[in-house]
Amino acid sequence: MQKTNKHIEELLPEYISGMLSKNQEEAVKLHLDECASCRQAYEQELQLEQEFSLVKPVQPGQKLKKDVFAMIEEEKKSLESSPKARQAFLFSWQTMSRVAAAVLLVAMGYWWGNKGEPQITDNNQVAEMKEEIGEIKEMLMLANLKAQHPSERIQAVSQVESYNKVDPKLIEALVTTLNTDASPNVRLAAANALQKFATANSTVRAELVRSLEFQTEPIVQISLINMMVELEEKSAVNKLKSLIDNTETLPEVRKQAQLGIEVLI
């Protein structure tokens, strides 16, 4: 059986919603004309979109609300306990949005179905569901940081960077990615994401300084040196001196480290 083209399959939600560029749209269309398995995936995705479009507001009762919370808790436990489950649950941000919208629909339906109750109770119930959705989003981002392909991990880093909430678990995951990921491009993306939080967070700045001792790729080393200068992080001077003293450090990196020291001291 022919396998679907992973790249094309990831573009299907945007293709259906008309969000691709003209060139991308034409490329996907040509591929679907030639590939039966991808065409089948497209038809399944299209059917899913059509089913979502038919969803109408409901007025669920207390039991349905409890069932939704139970479903979310079950999925969270599955993701936490099984690496395979986390990998299987990796999907596009568009899909996550549809899930979130469906849960929010239940929340709003519950509100309308119980308008006679005090407003503060309804607000608390909607807030609880939003919190659950937020927790699932965080789990997805953490799982995506361990995806197989570097491009997927870079996309995950971008998702964390765009997240408004500064969550310690996400920061820790970015630091781990910066120090251990096999791809220098992913490490560089993680460093840039952490820089966003470094201005107002001394812990993040300290982790960026500490990361200098783990980096061997010149592009990542130079980027971190420049970040230290931009952040005016004087605590990085000793790490920069260590880079200069290291015989394996390339001349270009040594030069940049020396310039950084001259600015910082």
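Student: At what angle do the axes of helix 10 and helix 12 cross, and within what distance do they come?
Tutor: Bear in mind that this is a predicted model. In it, the axes of helix 10 (residues 184-198) and helix 12 come within 9 Å and cross at roughly 10°. Angles under 35 degrees count as roughly parallel, so helix 10 and helix 12 are roughly parallel to each other.

Student: Which residues make the contact?
Tutor: Helix 10 brings Pro184, Arg187, Leu188, Ala191, Asn192 and Gln195, while helix 12 brings Ile219, Val220, Ser223, Leu224, Met227 and Glu230.

Student: And how do the residues of that contact divide into nonpolar, polar and charged?
Tutor: Seven are nonpolar, three polar and two charged.

Student: Leu224 is on that list. Is it buried or exposed?
Tutor: Leu224 is buried, because its relative accessibility is 0% and the cut-off for buried is under 20%.

Student: What does Leu224 touch, leaving out residues up to four places away in sequence?
Tutor: Leu224 touches Ala191, Leu208, Ser211, Leu212 and Gln215. For Ser211, the C-alpha atom is 8.3 Å from that of Leu224, and the two residues are 13 apart along the chain.

Student: Let's move to the other partner. How do helix 12 and helix 14 pack?
Tutor: Their axes are 9 Å apart, and the packing angle is about 10°. That makes helix 12 roughly parallel to helix 14. On the helix 12 side the contact uses Pro218, Gln221, Ile222, Ile225, Asn226, Met228 and Val229. Helix 14 answers with Val253, Gln256, Ala257, Gly260, Val263 and Leu264.

Student: What about helix 9 and helix 11, how do their axes sit?
Tutor: The axes of helix 9 and helix 11 come within 10 Å and cross at roughly 10°, so these two are roughly parallel to each other as well. Helix 9 uses Ile171, Val175, Leu178 and Asn179, and helix 11 uses Val204, Glu207, Leu208, Arg210 and Ser211. By class, that contact has five nonpolar, two polar and two charged residues.

Student: Zooming out, how many helices and strands does the protein chain have?
Tutor: The protein chain has 14 helices and zero strands. Buried residues make up 39% of its 265 residues.

Student: OK, the core. How many residues are in the largest nonpolar core?
Tutor: It has 38 residues, and Leu174, Leu194, Leu208, Met228 and Leu240 have the most contacts inside it. The elements giving two or more residues to this core are helix 8 (150-162), helix 9 (168-180), helix 10, helix 11, helix 12, helix 13 (237-245) and helix 14 (251-264). Helix 10 supplies the largest share, eight residues. A second, separate core of ten residues includes Ile8, Leu11, Leu12 and Cys35.

Student: What is Leu194 in contact with, beyond its neighbours within four places in sequence?
Tutor: Leu194 is in contact with Ile171, Leu174, Val175, Leu178, Val204 and Leu208.

Student: Now the loops. Where does Glu232 lie?
Tutor: Glu232 is in the loop between helix 12 and helix 13. Its relative accessible area is 62%, so Glu232 is exposed. Check its backbone too: phi of Glu232 is near 55°, a positive value in a residue other than glycine. Most residues other than glycine have a negative phi.

Student: And Thr216, buried or exposed?
Tutor: Thr216 is exposed, with a relative accessible area of 64%. Thr216 is in the loop between helix 11 (202-211) and helix 12 (218-230). Its C-alpha atom is 9.6 Å from that of Leu250, a residue 34 places away along the chain.

Student: Last one: where does Ser242 lie?
Tutor: Ser242 is in helix 13 and is partly exposed, at a relative accessible area of 45%. Ser242 and Glu213 are 29 residues apart in sequence but 8.3 Å apart in space, C-alpha to C-alpha.

How values were computed. Residues numbered from 1 in each chain as written. Predicted model: local features only at pLDDT ≥ 70, side-chain atom pairs only at ≥ 80, totals over all residues. Heavy atoms only, no water. Helix = DSSP H or I, 4+ residues; strand = E, 2+ residues; numbered from the N terminus. Buried < 20%, exposed > 50% of the residue type's maximum accessible area, 1.4 Å probe, protein only. Axes fitted to C-alpha atoms, helices over the stretch in contact; angles between N-to-C directions. Parallel < 35°, antiparallel > 145°, perpendicular 65-115°, else oblique. Contact = heavy atoms within 4.5 Å. Nonpolar A, V, L, I, M, F, W, Y, C, P; charged D, E, K, R; others polar. Core = buried A, V, L, I, M, F, W, Y, C linked by side-chain atoms within 4.5 Å.
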